[in-house]
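Here is a short briefing for someone opening this structure for the first time. Keep the sequence and the 3D view side by side while reading.

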Amino acid sequence: MVYTLAASTLTVAAPLGCDGSSAEGVEPTADGVRTPSDVLVTGTDEEMLVLEVTAANRVVVRLPRVEVGQGITTAVAMMIAEELDARLADVDIPLAEARTKGNQYTGGSNSVGSLYGPARELAATARAKLVTAAARRWHLSPRLLRTRDTMVIAPDGRTATFGSLTESAARIHRPAVSTKPKPASEHRVIGRPTTRIDARDIVTGKAKYAGDLKVAGAKPTVVARPPTLGGKVVSVDDRAARALPGVHAVVRVAGGVAVVAESFHHAFKARDALRITWAPGPLAALSDAAIRSRLRAAVPPLGTPLLGTRQVTGEFEFAFVSHAPMEVLTAVADVRADRAELWFSSQTPMDARDSIASAVGLPASKVRVHVTRGGGSFGRRLNFDAAIEAALISKAAHRPVKLMWSRNDDIRHGRMRPASHHRIRASHAGGRVVAFTHMMASVNESYEREGPAAQGGVTGAVSVSRAAGPLPSDSGLYNFGRVSGDSGGVELAMPLGAWRSVDSGTMRTAEEIVVDEVAGSLGEDPVAFRRTTLRSKRVKAVLDKVASAGNWGRAMPDGQAQGVAVHEEYGSCVACLVEIDATDPKKPRVTKVVMAADVGTAVNPRGLEAQLMGTATDGISTVLQAGLHIDRGAVREGSFADFHYARQRHAPLHFEAHIMPSRRDPGGAGELGVPAAAGAVANAYARATGTRPRRFPINF
């Protein structure tokens with residue numbers, strides 16, 4: 001159902017994840033039937049995706065999702081341009097600020113899939129109205145008109161821009177031509193590899209992030225943080241800091257001591273001049289070895305194997321991992337006695353607004369959150385620690401602030417992927433797997449945190465507890481007979497968060513390693529074994545594609561090998577083939593990556609290829625070298641100097657991605673490739689070195 005909004009320009013709206021009958025001002029027609037665009041909505045229903053054609057011939061869709069580098073604004077612009085027959089350059093996709101209702105969640109690889117229908121329906125309806133308006137202006141049959149390049153064209157060559165028609169189109173409620181989206185066979189934009197609409201702005205510095213914003217009076221702010229996780233301020237001597245030039249305020253907050261100054265240079269200098277006595281955090285006696293021991297003990301027992309079977313077993317450990325987006329966390333906050341206004345990048349702006357309101361003691365209706373683009377996330381911006389902290393500092397300092405978490409701040413005190421331990425047993429008999437059991441335990445976040453909001457407040461105690469991870473992800477991928485699993489957890493006072501691919505990134509990696517080892521136990525080739533065991537034809541197809549394109553099974557020198565893995569999630573599937581040079585096992589180099597994905601309709605194949613390339617980097621990093629150590633309650637790593645995420649010198653010399661053709665609606669893609677890439681890297685390393693890696697990252 002598409003609605004017309006009361007406006008002087010053509011403005012149409014489609015519900016997102018809600019019943020169309022709930023739209024404000026909707027009345028049934030005389031025969032009691034609602035049809036698209038035959039109703040006028042008075043006031044904007046915030047659960048809607050809204051499209052406006054402006055008099056300046058711009059097509060504007062305010063997006064209730066956040067752009068963090070995944071290319072969602074480009075994908076939506078392509079959907080709109082396709083159905084509206086507009087030039088891509090004429091489509092603007094600004095980010096919506098936090099709404100009061102509806103769904104603004106960006107995560108779970110669902111943005112393209114959830115917007116695909118509504119966006120195309122919006123544009124198709126708008127196009128029908130514009131054509132009808134032109135037909136009335138020219139006294140022609142609308143079926144004689146065509147659209148192209150953001151204009152309507154008559155048979156005699158006359159043209160009218162959409163902008164020149166928008167006012168009259170706004171008054172049309174029953175278009176004279178079809179409002180149905182095009183069939184896939186007529187797509188000219190969707191499915192075509194397209195450069196991001198914001199690419200030039202990003203590389204020239206025109207694109208604005210939170211740190212680029214110039215909000216009146218907002219002063220650079222940083223926080224001195226404890227040496228251990230959860231440490232507390234016992235006392236602070238700020239006299240030397242306050243005496244330095246450019247210092248405006250020194251404020252104690254739950255996470256440490258904040259300095260507000262004229263520039264970030266002044267702020268960091270003053271922060272370093274603070275003399276703080278810290279009480280150690282609750283994990284001060286705990287290090288990696290003890291955490292691993294607790295996790296191992298928390299894994300539920302595998303139980304008794306089936307009689308008459310042989311077993312392939314494995315135990316796997318995965319370290320904590322930082323999100324480490326290239327743009328560090330930054331938030332601008334202006335908190336007054338009666339209202340608050342903030343600017344930051346958020347995947348959950350509605351939750352953020354409510355938590356900020358609670359933290360500063362204001363009604364949610366008095367808190368306005370502007371969503372800015374983010375320079376990377378990988379799940380980090382699902383949480384809004386920095387925004388709440390900025391709001392509290394602004395309130396205490398009685399002035400607007402621009403808070404920046406340094407790289408050190410976020411790696412040592414920010415969210416991280418939890419460490420986990422996995423125990424897997426595959427039982428086989430007669431040449432096939434008849435039972436598959438995956439038991440695991442992960443670190444769960446559970447601690448007393450100061451403040452009215454669980455993500456950072458000021459007074460009172462809130463208990464935060466996260467449930468243990470789900471059951472095995474391999475519930476239906478392979479024909480493995482009886483599949484079972486369970487999970488346990490170790491509760492620690494640590495700031496955890498969803499990391500790209502969440503549980504699948506570790507669970508499926510471990511499972512794909514075991515699949516390779518089962519194939520070896522049965523004397524079968526890993527690709528051939530998967531082909532005979534996979535349930536889905538689509539998964540077999542992507543596996544066949546990488547095996548063919550990557551020349552699976554080719555002879556390789558000693559110390560070099562291939563590895564393969566597959567994954568299915570979000571209505572999509574992917575396979576990855578990796579070649580690795582592990583002649584020096586301490587300095588392995590992935591030399592080649594071939595990936596194939598079936599995501600249904602790939603709106604922007606170029607964007608999908610970039611996503612897959614990113615997941616390959618994630619797999620290389622977290623399997624081979626990138627993780628966080630816990631030393632006596634503190635995170636050891638503090639920058640990219642010691643958090644060893646893959647650099648250019650670690651990138652594969654050759655990368656290729658194959659997008660499988662499909663007419664299905666889009667599935668998810670952003671997180672899809674991580675488990676397959678990680679599994680393939682681990683399997684390639686095992687084959688190249690003749691070892692069975694069990695602790696990741698391998699070189700840690």
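Val502 is found in the loop between strand 25 (482–492) and helix 11 (504–521). Helices (H or I, at least four residues) and strands (E, at least two) are DSSP runs, numbered from the N terminus. This is a predicted model, in which local features need pLDDT of at least 70, side-chain atom pairs count only at pLDDT 80 or more, and totals for chains, interfaces and linings use all residues. Residues are numbered from 1 along each chain as its sequence is written, and side-chain values use heavy atoms, with hydrogens and water left out.

- Most residues other than glycine have a negative phi, and most peptide bonds are trans.
- Val502 has a positive phi, near 45 degrees, and is not a glycine.
- Val502 is partly exposed, with a relative accessible area of 38%. Buried means under 20% relative accessible area, exposed over 50%, and partly exposed in between (1.4 Å probe, protein chains only).
- Asp85 also has a positive phi, near 55 degrees, in a residue other than glycine. Asp85 sits in the loop between helix 1 (72–84) and strand 6 (91–92).
- Asp85 is buried, at 17% relative accessible area.
- The peptide bond from Phe696 to Pro697 is cis, with omega near 5 degrees. Pro697 lies in the segment after strand 32.

**Aromatic pairs**

- A search of the whole structure finds six aromatic pairs. Rings of Phe, Tyr and Trp (its six-membered ring) pair if their centres lie within 6.5 Å; planes under 30 degrees apart count as stacked, over 60 as edge-to-face and the rest as tilted.
- The rings of Phe318 and Phe696 are stacked, because their centres are 5.2 Å apart and their planes are at 20 degrees.
- Phe318 belongs to strand 15 (residues 310–318) and Phe696 to strand 32 (residues 695–696), so this pair ties together parts 378 residues apart in sequence.
- Phe318 is buried, with a relative accessible area of 5%. Phe696 is buried too, at 1%.
- Tyr478 and Phe480 make another stacked pair, because their ring centres are 4.9 Å apart and their planes are at 10 degrees. Both Tyr478 and Phe480 are buried.

**Charges over rings**

- Arg120 lies over the face of Tyr116, at 4.0 Å from the ring centre. A charge sits over a ring if NZ of Lys or CZ of Arg is within 6 Å of the ring centre and within 35 degrees of the ring normal.
- Arg417 lies over the face of Trp499, at 5.3 Å from the ring centre.

**Helices**

- The axes of helix 8 (residues 349–360) and helix 9 (residues 385–397) come within 9 Å and cross at roughly 30 degrees. Axes are lines fitted to C-alpha atoms, for helices over the stretch in contact, and angles run from 0 to 180 degrees between N-to-C directions.
- Helix 8 and helix 9 are therefore roughly parallel to each other. Angles under 35 degrees count as roughly parallel, over 145 as roughly antiparallel, 65 to 115 as roughly perpendicular and the rest as oblique.
- Helix 11 holds Met507, which is buried at 1% relative accessible area.
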